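Work through these exercises with the model open. Try each task before reading its solution.

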Amino acid sequence: MSKIDQKSLTHHARHLRLDTLVRLRWLAIAGQATAVAGVRFGLGFPLPFAFCFLVIGASVWVNLLLRIQYPASHRLSDNIATALLAFDILQLTGLLYLTGGLENPFAMLFLAPVLISATALTPERTLGLGLLAIGCATLLVLTHRPLPWFPGQDLSLPFLYVTGIWTAVALGTAFTGIYAWRVAEEARQLAQALAATELVLAREQHLSQLDGLAAAAAHELGTPLATIALVTKELSHTMPKDGPVGEDLKLLQEQVERCRTILTKLTSMGQEEEAEFLETISLSHLVEEIIEPQRAVGFDVKVETRGEGPEPMGRRNPGVVYGLSNILDNATDFAESRVLIEACWSPHEVFIEIRDDGPGYAPDILLRVGEPYVTTRSAAERTEDSEEGGGLGLGLFIAKTLIERSGAELNLTNAAPPASGAIARIVWPRHAFERGAAISPQGDSPPSLKG
């Protein structure tokens, strides 16, 4: 996945939909209007009824303006969304000023705009809105109209109690904002990582479709090529073999045969690949397949295989091969001098363990390694790799997802001191590893690999 794609996914994931904000504001307007009308006419408390509905009317006017100006599916920019949420805070401040300030139990609604911002906007904008809410709450402590109460009675709460409400609003704003941002950010990262995985799989599917198209094209081109070959052969019998025309006909025949050879390869390519993907493969051969590219570039990977009874045979799974290769690539990237692979089996389980002698996982990411956008590379390495789509922390996530789809469990840990390095342990229940494989009836196990 390219750097531009990753930025685009992050950018669009944060945009707040206009319809969502408008619906929430209509809900707030209905609640405010009901509360004001209930206090005035239901309880009979005196309050500046006209001014309250004037403040509520400002929200109605903003909602109607947004509905007229934009379609419901419109995505608000960060600036407009921030301005609208700031307006909501100021509108609530005006309504609370008219109805008792922080003595009004509805003062806790200051948390709502900050909560929405935390789920849809950047932390910097959420911090700004949180400070605005706390500032408005502070202003309401200092100045506000009396809390509506029974006629002829004055209800005045102690300043210490009002200060406690202000503290609750401030702490609630901070805690709710941080908590909501964290939960929303994890959900966004997971959605973006899954989208990246879908892009990778879609690209692989596109390549597979190209193979099918190549075979179809080869089949369609066979008939006209056969006609050209027949005409060329007849011309060679009737035309003189010596001279420019004879040489041209001979060259044309050679090129026709060359085309036939190419079309034959294209026609059989899909069948060869299909057979390759459906073949049964032993655990030793699976390990050999993932380490072959490393040996091709000169990196020595040590291999140890052992087990009880016949060696397990499984269906060749491209996802598992890709996931194991990705984990091995990480191990060789961070290893100081060697990488060890242990492939073991028992009557009940099969496991592969990949060890390196590098620095291992940093303590701050050890518990989160394998999650989307958690990377062990430095900022400089991520910047360098981003040109090729690497360094985004998606490799281990995709590998973990593909391996666990096969029924395995992947555990990533560090070696126990005094040893160093990272350990990736992949464990399958034996029946899951052998699922779908054409098991040979013979009981002898294939020869083990020794490196």
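**Exercise 1. The pocket lining**

Which helix gives the most to the lining of the second largest pocket, and with how many residues? The model is predicted.

Solution. 
- Start with the pocket itself. Its volume is about 700 Å³.
- Next, find its centre. The lining has 32 residues, and the closest to the centre are Ala28, Gln32, Leu92, Phe106 and Leu109.
- Now list the helices that supply at least two lining residues each. They are H2 (18-42), H4 (78-98) and H5 (111-120).
- Compare the contributions. H2 gives the most, with eleven residues.
- Finish with the classes. The lining holds 24 nonpolar, six polar and two charged residues.

**Exercise 2. H4 against H5**

Determine how H4 and H5 are oriented to each other, parallel or antiparallel. Then name residues that meet at their contact.

Solution. 
- Take the axes. Those of H4 and H5 come within 9 Å. They cross at roughly 165 degrees.
- Apply the cut-off. Angles over 145 degrees count as roughly antiparallel, so H4 and H5 are roughly antiparallel to each other.
- H4 passes H5 in a left-handed crossing.
- Go to the residues. On the H4 side are Leu85, Asp88 and Ile89. They meet Pro113, Ile116 and Ser117 of H5.
- Sort them by class. This contact of H4 with H5 has four nonpolar, one polar and one charged residues.

**Exercise 3. H2 against H3**

Repeat the analysis for H2 and H3, the helix of residues 49-69. How do the residues of their contact divide by class?

Solution. 
- Begin with the axes again. H2 and H3 have axes that come within 10 Å, with a crossing angle of roughly 165 degrees.
- Use the cut-off from the previous exercise. The angle makes H2 roughly antiparallel to H3.
- Check the hand. The crossing in which H2 passes H3 is left-handed.
- Divide the contact of H2 with H3 by class. It has 16 nonpolar, three polar and five charged residues.

**Exercise 4. A peptide bond between prolines**

Is the peptide bond that joins proline 417 and proline 418 cis or trans? Where is proline 418 found?

Solution. 
- Read the omega angle. For the bond between proline 417 and proline 418, omega is about 10 degrees.
- Assign the bond. The peptide bond joining these two prolines is cis.
- Proline 418 lies in the loop between strand S8 (409-414) and strand S9 (422-429).

Technical notes: Residues numbered from 1 in each chain as written. Predicted model: local features only at pLDDT ≥ 70, side-chain atom pairs only at ≥ 80, totals over all residues. Heavy atoms only, no water. 1 Å grid on protein atoms, 1.4 Å probe; cavity = no way out; pocket = protein on both sides within 12 Å on 5 of 7 lines; lining within 4 Å. Points joined across faces, edges and corners; volume = space filled by probe spheres on them. Helix = DSSP H or I, 4+ residues; strand = E, 2+ residues; numbered from the N terminus. Nonpolar A, V, L, I, M, F, W, Y, C, P; charged D, E, K, R; others polar. Axes fitted to C-alpha atoms, helices over the stretch in contact; angles between N-to-C directions. Parallel < 35°, antiparallel > 145°, perpendicular 65-115°, else oblique. Left-handed = near helix turned anticlockwise from the far one by under 90°. Contact = heavy atoms within 4.5 Å.
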